[in-house]
Amino acid sequence: MIPLVVVGAGGFGREVLDIVEAAGAASEVRLVGVIDDNPSAANLDLLDRRDVPYLGSVQGWLTSADTSSFVVGVANPAHRRLIDERMTAAGHTSATLVHPAASLGSEVSVGPGAIICAGARLTTNIDLGRHVHVHVNSTIGHDTSLGDYVSTYPLSAVSGSCRLATGATIGAHATVLQGLTIGADAFVGAGAVVVADVPPHSIVKGVPAR
Ligand SMILES: CC(C)(COP(=O)(O)OP(=O)(O)OC[C@H]1O[C@@H](n2cnc3c(N)ncnc32)[C@H](O)[C@@H]1OP(=O)(O)O)[C@@H](O)C(=O)NCCC(=O)NCCS
């Protein structure tokens, strides 16, 4: 079993702990604990209640002898990228986590650090980059690529032949119509229906999304 640390004691970090538990032996990972630079007292209490050790800050942990692999349970794509870069530069390997209640079709390529939650459905010929998060009940259609640090939030539906560039985020229950490109670091608001390409670094919302 590969020892694993989860970066992030917040809400999504703790959902990631559930994936580790649900995947069990099939995931080939063994949870060592959680690291976080600034955990709230409430989040530390929630870790304590489930007997998950808090291992300190990223910097503190990096100076320890622990050689565990890692995943990043942090939603913000820019923060996720920085954490990945620091951990990788220090020689740690990114793990991938797939909840047993997710489904991945044929020819789905999952990059290092990817986290795929319960109920996610990825159909066929899909590429995921580094540290992509596919949240609960999000669907990704055929021939779609998700760049590094992309997130698709709960119940979002990304249609076939789309391209989500690095750091793009699709809000909860949003729909991206087929063949569209979501630019780097763009944010699609919750419930939006995206009917045209979204420029990089922009926020769109509503139906149709603007
Ligand atoms: C779109 C979003 C990124 C905020 O964008 P923003 O431009 O900073 O929006 P603001 O909060 O400043 O609100 C600006 C206006 O947009 C409206 N608005 C905000 N989010 C909206 C949404 N998803 N759909 C439609 N309108 C929205 C606000 O009501 C406000 O309207 P007003 O000007 O008439 O008062 C955010 O609201 C959102 O949808 N985030 C996704 C949340 C999510 O999916 N969470 C799941 C976590 S797992």
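Domain bounds here come from an automatic or database domain assignment. The structure is a predicted model, in which local features need pLDDT of at least 70 and side-chain atom pairs count only at pLDDT 80 or more, while totals for chains, interfaces and linings use all residues. Residues are numbered from 1 along each chain as its sequence is written, and side-chain values use heavy atoms, with hydrogens and water left out.

**View 1. The two domains of the chain.** The assignment gives domain 1 (2–95) and domain 2 (97–210). Their centres, taken over C-alpha atoms, are separated by 23 Å.

**View 2. The interface of domain 1 and domain 2.** In domain 1, 21 residues are in contact with 22 residues of domain 2 (contact means heavy atoms within 4.5 Å). About 1,600 Å² is buried between the domains, 67% of it on carbon and sulfur atoms; buried area is the accessible area (1.4 Å probe) that two parts lose on being put together, summed over both. Of the area that domain 1 buries against domain 2, Phe12, Ile19 and Arg80 supply 35%, more than any other three residues.

**View 3. The salt bridge of Arg130 and Asp84.** A salt bridge joins Arg130 to Asp84, with the closest N and O atoms 2.8 Å apart. The term denotes a side-chain nitrogen of Lys or Arg within 4 Å of a carboxyl oxygen of Asp or Glu. Across the interface of domain 1 and domain 2, the rule finds 1 salt bridge.

View 4. A polar backbone atom of Ala172 is 2.7 Å from an oxygen atom of the ligand. For Ala190, a backbone N or O atom lies 2.8 Å from a ligand oxygen.

How values were computed:
A polar contact is a pair of N or O atoms within 3.5 Å; within protein, one must be able to donate a hydrogen and the other to accept it, and residues adjacent in sequence count only if both atoms are side-chain atoms.
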